[in-house]
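Please look over the structure shown below; the report that follows takes up a few of its residues and strands in turn.

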Amino acid sequence: PTGYYRTPWKSRWCTMVGGSQAQWVTQITGDFLFHSVPYAVQNNTSLYVDSMYNHLGSTRSMGCIRLEAGNAKWIYDNCKLGTLVHIDPNVNSGPFDKPSFSPVPSWHTWDPTDPTAHHLCQQRGCH
């Protein structure tokens, strides 16, 4: 929904449509949220890799803004309740370009930008 909104609610985890889970959730308005890519269960090592994470930047939701976990957490940590959000009806307007993105292999069932799962990348030597 285009327009101006103030963030009314946030949650560390949230159950999404179909029962999947998302991290670092900040509500924009109604059912429209900023959040991480969905996980199978409320565990940061159950990421839907090939069906969700590797499609970041593509339309895959019902209107939410899906982000890498690190970016969703930044919003969660730095935008207080009541933060003004402007969703512009002009798709290509705004001060920022679409961020670059690196897909992960299907065995990599955690988001490499998630600070709560970063130790897994250190253990595996993958990022």
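## A charged pair in a helix

Aspartate 77 is partly exposed, with a relative accessible area of 44%, whereas lysine 73, at 19%, counts as buried (buried means under 20% relative accessible area, exposed over 50%, and partly exposed in between, with a 1.4 Å probe and protein chains only). This is a predicted model, in which local features need pLDDT of at least 70 and side-chain atom pairs count only at pLDDT 80 or more, while totals for chains, interfaces and linings use all residues. Residues are numbered from 1 along each chain as its sequence is written, and side-chain values use heavy atoms, with hydrogens and water left out.

Lysine 73 and aspartate 77 form a salt bridge, their closest N and O atoms being 2.4 Å apart (a side-chain nitrogen of Lys or Arg within 4 Å of a carboxyl oxygen of Asp or Glu). The two residues lie 4 residues apart in helix α1 (residues 69-78), and therefore about one helical turn separates them. A search of the whole structure finds 1 salt bridge.

## A buried serine

Serine 36 belongs to strand β4 (residues 32-36) and is buried, with a relative accessible area of 0%. A polar atom of the serine 36 side chain lies 2.8 Å from the backbone nitrogen of glutamine 23.

Strand β1 pairs with strand β6 (residues 84-87) in the antiparallel sense over 4 bridges (strands pair if DSSP finds at least two bridges between them), and the bridge partner of tyrosine 5 in β6 is valine 85. Helices (H or I, at least four residues) and strands (E, at least two) are DSSP runs, numbered from the N terminus.

Conventions: A polar contact is a pair of N or O atoms within 3.5 Å; within protein, one must be able to donate a hydrogen and the other to accept it, and residues adjacent in sequence count only if both atoms are side-chain atoms.
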